[in-house]
Amino acid sequence: MRISVIGTGYVGLVTGACLAGYGNHVTCVDVDQEKIASLNQDRVPFFEPGLEEIIKSNRTAGRLHFTTSLEEGIKGSKVCFITVGTPSDVDGSADLQYVLQVAREIGRHMEDPMVVVTKSTVPVGTADKVRSAVAEELKARGGQINFFVASNPEFLREGAAVSDFMNPDRVVIGTDSKEAEEILKELYSFLPPEKVLCMDIRSSEMTKYAANALLATKISFMNEMARICELVGADVERVRLGIGSDSRIGYAFISPGCGYGGSCFPKDVRALRHTALRHGYSPRILQAVEDVNEAQKHLIFQKVLRHFGQDISGLTFAIWGLSFKPNTSDMREASSLVLIQDLLGAGASVRVHDPKAMEEAKHILAGRNGVTFVEDQYEALKGTSALALVTEWDMYKQPDFQRIKEEMLSPVIFDGRNQYSPNEMRRLGFTYYGIGRPNA
Ligand code: NAD
């Protein structure tokens, strides 16, 4: 099938590359000239395991193309995916300007019948707006081309995006026409049919928000349990095992930590809350999920103040892990940024390390005094008063604790992801603070 993908970020690039891998002819479009230029040299502008190889092989096979011209990109497409960003607007709603801009441009340049599929995470009712935007532009140029709109939200996880796309738990397709549904079912025919769930457009759009809101709720719930554990002297890691073993609950997304970040959970919970409020309903659970998470992102800093006292000016802290989670270079709404902000605000300095997100972090923190980027994880500890582990990359899981102690001024660890054993840390002579653990 001839496919176009508009917006070549995490979702668009993975979608385009993987669909090309199944034999389709895919053109990916982006307004970012630098991004397209580097993709045309097989260079992926962010870290995503396995992606570069797929891009390379499909470009070599002539099935995958990159361009900045939407007009050229959608020529002959049977399906056109919109995969641009939908960031938070100032009021918390999803900003649809990029989606609708693309829809208008599709209307301006469409030459053949096609299915316009929104894969970006968009509020319920967006497909209607996309339909109107395409139709208006078509009408303005006197065009008479049949087109369909559809919703096909993406559930991939950064860091495991390629395997998630190729072997998803399910694919959700929202359409209001049998013809569009059949075309999309054909496109996803590489999956077992029971994994392809067809529904109406609004339910499909809502499914994505409900999924992310539930996952964020699990995390905030567990972070709240961690807070209570600290107060009553229980160990949240034991509690986690105790409840995760219940098949009605499960282990996924119940690890406590220093808050969730990323390009999806924070903005999607906000957008869903905004949608509910706009319809006159005040969503109490979603509000609590956000509040707990916001507070959790400041928790390590509070523990730092509790240990060192209110005046930490002049002290230096090491931070291991900057990306919002392991196996990605994505820094959007990362907990590390909140901790860095808090520490710098209190007059402290930081020495930071991350295996993949340093470039992105340098870009975001450009011009901030007091931040030193260090290429070696142990070098980052030099002259620091404490280490804060913020992102649980594998390389931080079994470090050389002797070396850590030698490099630091004082052996203090704030473990924002409960990666280390409190007993072992104490045995090795560290003052150790986890999340939701006795004496944390
Ligand atoms: P991203 O910011 O990585 O990529 C968006 C791309 O769209 C950018 O490269 C940008 O230059 C491009 N773009 C913007 N306007 C354009 C235009 N008019 N024409 C062509 N290109 C344009 O975003 P992302 O992380 O891939 O997310 C895209 C959507 O998918 C969002 O709605 C997001 O919520 C959703 N989503 C993301 C993930 C994820 O893990 N990142 C997972 C599921 C769903």
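User: How do strand 4 and strand 5 pair, and over how many bridges?

Analyst: This is a predicted model. In it, strand 4 (residues 79-82) and strand 5 pair in the parallel sense, over four bridges.

User: Which residue in strand 5 is the bridge partner of Val-79?

Analyst: Val-115 is the bridge partner of Val-79.

User: What do strand 4, helix 5 and strand 5 make together?

Analyst: A right-handed β-α-β unit, with helix 5 covering residues 97-109.

User: And how many bridges join strand 5 to strand 6?

Analyst: Five bridges join them, and these two strands run parallel. Met-114 has Phe-147 in strand 6 as its bridge partner. To get from strand 5 to strand 6, the chain passes through helix 6 (residues 126-140), and this β-α-β crossover is right-handed.

User: Which way do the residues of strand 5 point?

Analyst: Met-114, Val-116 and Thr-118 point one way, while Val-115 and Val-117 point the other way. In a regular strand, side chains alternate between the two faces of the sheet.

User: Are those residues buried or exposed?

Analyst: Buried, on both sides of strand 5. Five of the five residues in strand 5 (residues 114-118) are buried, so the strand is largely enclosed by the rest of the structure.

User: Switching topic. Which residue does the UniProt "active site" annotation cover?

Analyst: Cys-264, according to the UniProt record, which is an unreviewed entry.

User: Where is Cys-264 found?

Analyst: Cys-264 sits in the loop between helix 10 (236-244) and helix 11 (265-278).

User: What about the surface, which residues form a nonpolar patch?

Analyst: Ile-228, Leu-231 and Val-232 form one, with about 340 Å² of accessible area together. Leu-231 belongs to helix 9 (residues 201-232).

User: Is Leu-231 buried or exposed?

Analyst: Leu-231 is exposed, because its relative accessible area is 75% and the cut-off for exposed is over 50%.

User: Last one. Where does UniProt place the "UDP-glucose/GDP-mannose dehydrogenase C-terminal" domain?

Analyst: The UniProt record, an unreviewed entry, places that domain at residues 318-422.

User: How much helix and strand does the chain have over residues 318-422?

Analyst: Over residues 318-422 the chain is 25% helix and 18% strand. The C-alpha atoms at the ends of that stretch are 19 Å apart.

Notes. Residues numbered from 1 in each chain as written. Predicted model: local features only at pLDDT ≥ 70, side-chain atom pairs only at ≥ 80, totals over all residues. Heavy atoms only, no water. Patch = residues over 30% accessible without salt bridge, like charges linked within 9 Å, V, L, I, M, F, W, Y side chains within 5 Å. Areas by Shrake-Rupley, 256 points an atom, 1.4 Å probe, with all protein chains shown as cover. Salt bridge = Lys/Arg side-chain N within 4 Å of Asp/Glu carboxyl O. Buried < 20%, exposed > 50% of the residue type's maximum accessible area, 1.4 Å probe, protein only. UniProt positions renumbered as here; feature names shortened; annotations may be inferred. Pairing = 2+ DSSP bridges. Right-handed = clockwise from strand over helix to strand, strands pointing away.
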